[in-house]
Amino acid sequence: MRLRITTLSLLVSAGLCSSQTVIFPEPLSPRIANYTIDVALDAVKKTLKGTETLVWKNTSTDKVSELQFHLYLNAFKNSQSTFMKESGGESRGVSAADGGWGWIDVTSIYVRDGEDLSSKMEFIHPDDDNANDQTVFRVPLSKPVPPGQTITLDIAFDAKLPKIFARTGFAGNYFLVGQWFPKVGVYEPAGTRYATTGQWNTHQFHSTTEFYADFGVYDVRMTVPKNFVLGATGTLQSRVEHANGTATHLYYAEDVHDFCWTASPNYKVVEDQWRHVKIRLLIQPDRVQSQAHRYIKSVKGTLEYFDHWMGKYPYPNVTIVDPQYGGFGSGGMEYPTLITGGSLWNLPEGFRATEGVTEHEFGHQYFYGMLASNEFEEAWMDEGFNQYAEGRIMDSLYGAKTATLDLLGFKVGDLEFSRDGYVGMKNPKLAPSFNKAWEYKAGGYGNFTYTKTAVWMTTLERIIGRPTMDEIMRTYFERWKFKHPCAKDFIAIVNEVVIARHGEKFGSDMNWYFEQVLYGTNTCDYEISSIAVVPVRSPKGVFDREGKKVESAAEPRASKPQEQESRITISRLGEVQLPVDILVKFDDGSEERSDWDGKDRYKILKFTKNSKAVWAKVDPEFKIVMDVNRLNNSRSFDADRTPVWKYTLKFLFWVQNVLATASAF
Amino acid sequence: MNGLRALGKGFTASIHSLRIVAWVYLLQLFIAGLIASAFSQALLLGIGNSMAFDRLLKDFDYTTYADFLRLHGEGVKAVFAQFGWGVAAALALSTFFGGGIISALNSELRISFTRFLELSASYFWRMVRLLIISGIVTGGILFVSTAVLGILFVGLDATAESEKSIALTIGGGTLLLALPLLLSMMVADYARVLVVANDERKIIRAYWRGMTTIFRNFFSAWMIQLVTLVAIVSLILAYLILDERIGMTGLGTIAVMVVVQQVFIGLRLWMRIWNQGSVLALAQIVLGVEAEIKIAESEVFVPTIPDEQGEKKEVTPSAPAVATVTEKKRRARSRKPVTRKRSPSNTRIAARRRSSPG
């Protein structure tokens, strides 16, 4: 419930006087980094001019003697930035346009009622030695910030937006303004994530990294031409038109860790509601008819799923931005309470890009928005978990075989698509999921963080069961929302819940699993190597019986003349060891099920019955989604060739068609 | 109404030429069968004794499909390499048969396969030259079309705020630029008719006359083409509906769909023959060749068509091939009467026989 009361909490104590609508009567987060920003957009020059008041709280037990800031827009300043050098001027399928550079200058920085820090600013390069990179700076403080105290800084900045590239910028009169203001880094007190002593965690902007920031309150005034429709993180508080043809929009957000906004004169606004959540879709005019309902259905379905699965979406609204043509580089991106989608005029319903992108980006409200892991260092925790969620939700909403594509008989599910992304890699052993995002030097960032994680999360779910997995995810959300979790925090919850539900069925903990799939690079491949059936014969040879040598002939056992021994050999071809089930079918219609811990290189199963084994399958229920070869998981004495006929005849038909077409010339 | 008349006559001629359709069908089936057989082997080799393909029977299964392509894609790629040869063979066959088909369409009598091959052979090199000219023109049109569309796209892409305008412009432009391509194919068809029916040896002239014939009989010529296109599109839609309804999910439905597929291919090939028959008929109607010729099986008739100056030239079909010594003997044995009806238009119908193809 939204309450109209005056803020008297943190902001007042920090010296800020604000009269915005309080969203959460009790803060949901520690509210460490709080911003009041006033910015004006020059829509012709594509520039921003702004002032920012930062109230930063030292939640550590250290005296903090310097502050570190991100200046993300400087990634687009020239070809020598770390981002540009790593990306080669290409990101998210878009090339950096010549002349479309973007940058940000801090023109002044003062401690409120105190010293001028402007001359003390120093660019630093904590990740590489690139002296040309200006995406991070530090300022030493004459008076350190004591534990539990706040510091207020007044900052002025000028920025030039790039042509849409890597999420942010402009395309004509379309503006997607992300990573646009001087943003304080995260000071990690000892015990936070992997920090053993208090330290700043402020990484440079890399071509494959996203972000990491502390939660806070944002109070942002944006002045744009008055004919522009504007959308932003948070909720609209007021809109004031000015005589000079501009209008100032005031947006306010609580317990978020970033702020993004968009403006364009072309947007059409479609509004809807899901329970307490107001949905606002800013969509391109030509796409309203064919795509608006698809956006809305997807976001509502996703809200519903997350609500049941993980927990409540606490914010009162969500804004979906449909990027303009030419601005696709800003599509498919997540910011707190604002996401950017991706659609096209009359995109066929069977091509579910609109739905998939919307679902995925909304999922980030949980995995990034509230579970604020470090996207620089552990991208698998937001992208991978979210990809796993996408598989579950998209397959649930649009069909396990059709969630990604359902066109002309060609069908692809979301999980199927993720699996193919991982197992289809040239070298799936190249790197682990657990890796700093900028350290995927040989490529594969997307596959190892997004799809491999989704695949091993699904495998984990199928090994321990969905109810257990759901409890893990709910516990993870409840325990770590509005905090900065890391791998060990998640693994601890897995161990706790699995032991509570299954005892030691899977061992004393599940670390063995994460060692292989998260930290390791090995692949998994189980195979039915052979099936052999031999008749059971009486022992033959010379035997000592009652003091005499008796020779026995090699005849079938008289008592059980039809007994057969079926031998099934199952091999582990990959290095990953996982428990697997084996199902064997016999010619009398009976089935036998066995399990195997999957640790040895091979296992031979023997069945002595009055019937012969006709086929065998390892992992018949396809629990081990990360098995890189599903074709060798089954073997039959007499495989049905009907599917081969089906596809051969289809192929014949299409060849005939091509030949018939060629004959027309 | 010439278009309708031509379609009617073409229809009748195509019905009388069903044997030709069957021959072409069988030859193409043979080529396609070779490729499909290699495809089948690639599938069988890849899948071995695995049961993974079972998941592809009832419905499409992306995981199986993707794993198969990833692990055994090389075998399938090799098949696709053969595919190019198959297309080349089909093109060569259609070029080879071009003269034979038109000759057969011009006859109300049944033509033996041997005769058909002889007729085809006699026109082959002219058909090859025609194909080359047609290819050059079509390639030129494609080049210009692509360049125009590319320039349009680049221009629009830089300024467009919506993909709609680009899609409509490029889509519309593509459709518009498809017309010259279609026209180029039509011109080749009319040129083929002129080469055979008028024993035209100058291929460029035949090509030019083909074009002028189309423009002078604009509505009739396009009517024939559109009717053929509509018929083929309807056929494709019918197939897709049947495929959707029947599917190929078991032996029974696979058998049914195989029949449907082969009927579809047969109808496609027949429609092509119908189209060619209609083109021939239109040429005969508008260029004054209205002869109905009834000749013995072994006889070849080559109606003349007035050239551009309106002169009727005596045709000496070097190509036609025509009766070989063996045929002469056979004809002598059969003593079948030769019936000819000359057209009122004083056109000389030259039914020439030559003992050797020229």
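Predicted model: local features only at pLDDT ≥ 70, side-chain atom pairs only at ≥ 80, totals over all residues.
View 1. A residue counts as buried here if 20 or more other C-beta atoms lie within 10 Å of its own.

**View 2. Strand neighbours of strand 15 of chain A.** Strand 1 (residues 33-42) of chain A pairs with strand 15 in the parallel sense, over six bridges. Within this pairing, Thr36(A) has Asp219(A) of strand 15 as its bridge partner. Strand 18 (residues 246-256) of chain A runs antiparallel to strand 15 and is joined to it by ten bridges. Here His249(A) of strand 18 stands opposite Met222(A).

**View 3. Helix 9 (residues 466-480) of chain A and its buried side.** The end C-alpha atoms of this helix are 21 Å apart, which agrees with the 21 Å that 15 residues should span at 1.5 Å a residue. Met469(A), Ile472(A), Met473(A), Tyr476(A) and Phe477(A) are buried. These residues lie on the same side of helix 9, because they cover an arc of only 125° around the axis. They pack against helix 3 (288-309), helix 5 (365-370), helix 8 (445-464) and helix 10 (487-502) of chain A.

**View 4. The other face and the end of helix 9 of chain A.** Exposed residues Pro467(A) and Glu478(A) sit on the face turned away from the buried side of helix 9. Phe482(A), just after the helix, takes a positive phi of about 65°.

Note on methods. Residues numbered from 1 in each chain as written. Chains lettered and ligands numbered in written order. Pairing = 2+ DSSP bridges. Helix = DSSP H or I, 4+ residues; strand = E, 2+ residues; numbered from the N terminus. Expected span 1.5 Å × (residues − 1). Buried ≥ 20, exposed ≤ 12 C-beta atoms within 10 Å, placed from the backbone. Arc of directions from axis to C-beta. Contact = placed C-beta atoms within 7 Å.
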